[in-house]
Amino acid sequence: MSFCFLSCRWILPTWIFKKDQFDNLEKHTQWGIDVLEKYIKFVKERTEIEINYAKQLRNLSKKYQPKKNSKEEDEYKYSSCQAFLATLNEMNDYAGQHEVVSENMTSQITAELARYVQELKQERKMHFHDGRKAQQHIETCWKQLESSKRRFERDCKEADRAQQYFEKMDADINVTKADVEKARQQAQLRHQMAEESKAEYSSTLQRFNHEQHDHYHTHIPNIFQKIQEMEERRIIRIGESMKTFAEVDRQVIPIIGKCLDEITKAAESIDQKHDSQLVVEAFKSGFEPPGDVDFEDFTQPIKRTVSDSSLSNSKDGKPESRFSSKSKGKLWPFIKKNKGGGPEDFSNLPPEQRRKKLQQKVDELNRDIQKEIDQRDALTKMKDVYIKNPQMGDAASVDHKLAELAQNLEKLRLEAQKFEGWLAEVEGRLPARTEPARRQSGMYEPQNTLTVNNCAQDRESPDGSYTEEPSQESEVKVPAPEFDDEFDDEEPLPTIGTCKALYTFEGQNEGTISVSEGETLFVIEEDKGDGWTRIRRNEDEEGYVPTSYVEVFLEKNAKGAMTYI
C-alpha cells in the first residue's frame, strides 16, 4: 500500500503542506517576528534622538537667556533683543514638541508593539505545538497500520505453510491418523489467526484513512489557517504602527508652525526707530551746543571781551589755562571713571545722565523701604499673636528686631530724601523737553571768570550743576577743572588707529596736546561722545584734542574700520 501526502489550501495565499515544509513555515513566522522587533528598535532609537534633540534645544535656549540682575538684562529693552528673547522662548516650546513626539511614539508604538510581540510569540508557539502534535498523531496511526499489516501478512504466510503441511501429511500413507488430525487442527488454527489479523488490519486501515483524512483536510488546514491569520495580523499591525509613526509627527506640525509664526512675528516687530530713540534717551547729556563765537576786533585799542564759547582766554593780558592744575573741579568732556567711584550725587555726569542715575537710586531706596516696612508689619503681627497666645512665643523677643527695623527705615528715608532733593534740583534746572532753549555749554570755555552782560542767564558748571545769575553785572566763578589725576598713572594705552590734524590746535590746557595742521598721530582712545579724542605723538607726549580738529582712522580690529571727521 502506498501513502501520499495530500495538499491543503490556505485562504490567501495557497500553501501546499509537505512534511519538510512545516519547518520552513516555522522559520518564516520567526523571521516575521524578527522584522517586528527590528521596527520596534528603529522607533526606540528615533525617540532617543527626539529626546536628545529636545534637550539640546532647551540647553541652547537656556544658554542665551539673559542672566537676572546682570547688564544683559538691560539690553533687552531694545526691540531686536526682545525679538531674540521671543525666539529663545519659542525654541523652548519647539523643543517641547519634540519631547511630545518621543513620548507619543514610546507609548503608542514601542510599548504597544513590545506587548504584541510577546503575545505573538505565545500564539505562534501554541500553533506549532498543535501542528507537531497532529503530525506525531498521524505518524503514530501510520505505524499502527504498518504493524497490523505486517502481522496480517505474517499470519497469512503461517496459515499457508500450515495448510501445505496438512495436505502433505494427509497424502502420506505412512503417517498415522493422529498426526494427520493434528496437522489439520494446526492449519485451521493458523487460518483462524489469519482471519483475525485480516479483520484487525482492515479495521486499522479504515481508522487510519479516517485519521489521515481528518489530518490533511481538517486539523492541519485549521492550524495553518490560524498561523496564516496570525501572520496577516502581524503584517497589518506593523502597517498600522507605520501610520501612527507618521501621525505622531503630523499632530505636532500645527504647534511647531505656530512657534515659527511667533518667531516671524517677533522678527517683524523689530522697530529700528524705537531702538535708536532708546539709545538717544540713554546717552543724551542734557547739554546744549555752544553759542556762536563773537567777533573780536583786534584793530580797536580797547579791552576785548571774550564770548562764552571761545576756545581762548586772556586775563590782564596773560593767558590762563582752564585746565590749570591748581583748580580742583572736573570738566565734563574729560571726566573719566575713577577707580574709587564718582561723587554720591553723580555731579560728575551730564545733567540728563545724572537725572537718570538719581531716579534709579530713588527707586532702589523706595524698594528697600517697602521691604523693611513689610518685615516690620510681619513682625508686628507676630508680636500681636504672641501677646494673645503667650504659649506660642515671647512677645519681647521681637522688640529688638523691630527697633533695628525702625532704625533702618529712618536711615533709608533720610537717604531717599537726600537723593530726592538732588533729583528735584536737577529736574528743576533741566529745560522742558518741548522747548528748544539754548544754554551755554562749558565744553569749550577756557576762561575761569565769566562776565555776564545785558540779561540773566542760566549757567551750567562742568560737573553738571547750574547757577543762576539774577543781575546783569553779576560775575560767575567757574572753576577750571583739571584732568583726572590718574591720567599720568595709567599704563600706556594701546594704539587703536591713526589720525590726521585738519587744523592747528594749541593745547595750552593741562591734559591737551598741541598739533599742527597735516600732522599724523596715533589714536589711543576714541571719542566717547564728549567731543574729545585722546592721541599720542610718542611715548612721552599724549593728550586730548577736539575731535572736530582731526580725521580719525580706526583699525579694523578696533571695533571695526571707521572713519569720521
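Biologist: How many helices and strands does the protein have?
Modeller: The secondary structure comes to 7 helices and 12 strands. Both are DSSP runs numbered from the N terminus, with helices being H or I of at least four residues and strands E of at least two. This is a predicted model, where local features need pLDDT of at least 70, side-chain atom pairs count only at pLDDT 80 or more, and totals for chains, interfaces and linings use all residues. Residues are numbered from 1 along each chain as its sequence is written, and side-chain values use heavy atoms, with hydrogens and water left out.

Biologist: And what share of the residues is buried?
Modeller: Of the 565 residues, 36% count as buried. Buried is under 20% relative accessible area, exposed is over 50%, and partly exposed is in between (1.4 Å probe, protein chains only).

Biologist: OK, aromatics. How many pairs are there?
Modeller: The count comes to 9 aromatic pairs. Rings of Phe, Tyr and Trp (its six-membered ring) pair if their centres lie within 6.5 Å; planes under 30 degrees apart are stacked, over 60 edge-to-face, and the rest tilted. One of them is F152 with Y201, which is stacked because the ring centres are 5.7 Å apart and the planes sit at 10°.

Biologist: Where do F152 and Y201 lie?
Modeller: F152 is in helix α3 (residues 79–171) and Y201 in helix α4 (residues 177–268), so the pair ties together parts 49 residues apart in sequence. Both F152 and Y201 are buried.

Biologist: What about F419 and W422, how are their rings arranged?
Modeller: F419 and W422 are edge-to-face, 5.2 Å centre to centre with 85° between the planes. They are 3 residues apart in helix α7, so about one helical turn separates them. F419 and W422 are both buried.

Biologist: Which residues do ring pairs link into a cluster?
Modeller: Y503, F505, W532 and Y549.

Biologist: Switching to cysteines: how many disulfides does the structure hold?
Modeller: It holds 0 disulfides, taking a disulfide as a pair of cysteine sulfur atoms within 2.5 Å.

Biologist: So are C141 and C499 buried or exposed?
Modeller: C141 is buried at a relative accessible area of 9%, and C499 is buried too, at 1%.

Biologist: Last one, K401. Where is it?
Modeller: K401 is in helix α7, which covers residues 399–429. With a relative accessible area of 35%, K401 is partly exposed. Its C-alpha atom is 9.7 Å from that of Q375, 26 residues away along the chain.
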